[in-house]
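My notes follow the structure.

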Amino acid sequence: MKPLKYYVATSVDGFIAQADGSFGGFATEGDSIADYIDSLSQFDTVLMGRKTYDVGLKEGKTNPYPMLKSYVFSRTMATSPDPQVTLVSDQASQVVKQLKAELGSAIYLCGGATLAAQLFTEGLIDELILKINPFVMGQGIPLFATVIPQTQLTLIGSKIYANGVAWLRYEV
């Protein structure tokens, strides 16, 4: 079964984006970014919530991960703006279960605090990979949009970068 990895940048206080969806304060260059780009080779599929997808869409990127099979989860989008991006409007858990059952590499959940909370609560996330950036945001979009069950995690990897970013990898 393919593992689903929630791989996301966060502030020290647990926010993955500003309230408006922007990413001010997060590292945009350095070894942590180079390692992130290299790490994408472990995935063959990417899952995005609507707000995460909208960030690239506003810049004209209809398929921000063209090297991966892309899925956008949204109850409000009528159609996908890109033929290579599959739109999922309902039964998110069933779709994810089907993707996990396919042969291939890992699945990258790159954002969507609401989607992440749903998939975590349903036990579908296998790893949580946090790129903790050295700043406090104060408010914004949290790592999980709703209450999730308390869960013990097992640290399976870590790295500290010169720019202060801490990379922590947990098994769920």
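I looked up which element gives the largest share of the lining of the largest cavity: helix H1 (residues 31–39), with three residues. Helices (H or I, at least four residues) and strands (E, at least two) are DSSP runs, numbered from the N terminus. The model is predicted, so local features need pLDDT of at least 70 and side-chain atom pairs count only at pLDDT 80 or more, while totals for chains, interfaces and linings use all residues. Residues are numbered from 1 along each chain as its sequence is written, and side-chain values use heavy atoms, with hydrogens and water left out.

For the cavity search I used a 1 Å grid over the protein atoms alone; a cavity is a set of points where a 1.4 Å probe fits but cannot get out, and lining residues have an atom within 4 Å of a point. Grid points are joined across faces, edges and corners, and the volume is the space filled by probe spheres set on the points. I got one cavity of 30 Å³ or more, and the volume of the largest is about 30 Å³. I listed its lining as Tyr7, Ser32, Asp35, Tyr36, Lys131, Tyr161, Val165 and Trp167. By class I have five nonpolar, one polar and two charged residues there, where Ala, Val, Leu, Ile, Met, Phe, Trp, Tyr, Cys and Pro count as nonpolar, Asp, Glu, Lys and Arg as charged, and the others, Gly among them, as polar.

Next I took H1 by itself. Ser32, Tyr36 and Ser39 are buried in H1 (under 20% relative accessible area; exposed is over 50%, partly exposed in between, with a 1.4 Å probe and protein chains only). Seen down the helix axis, the buried residues of H1 fall within an arc of 65 degrees, so they line one face; the arc is that of the directions from the axis to the C-beta atoms. Asp31, Ile37 and Asp38 are exposed on the other side of H1. I find the buried residues of H1 packed against E1, strand E3 (43–49), E6 and E7, contact being heavy atoms within 4.5 Å.

Then I went to the cores, meaning sets of buried Ala, Val, Leu, Ile, Met, Phe, Trp, Tyr and Cys residues joined through side-chain atoms within 4.5 Å. The largest has 30 residues, and Leu119 is among those with the most contacts inside it. H4 gives the largest share of this core, six residues. A second, separate core of 16 residues includes Tyr36.

Conventions:
1 Å grid on protein atoms, 1.4 Å probe; cavity = no way out; pocket = protein on both sides within 12 Å on 5 of 7 lines; lining within 4 Å.
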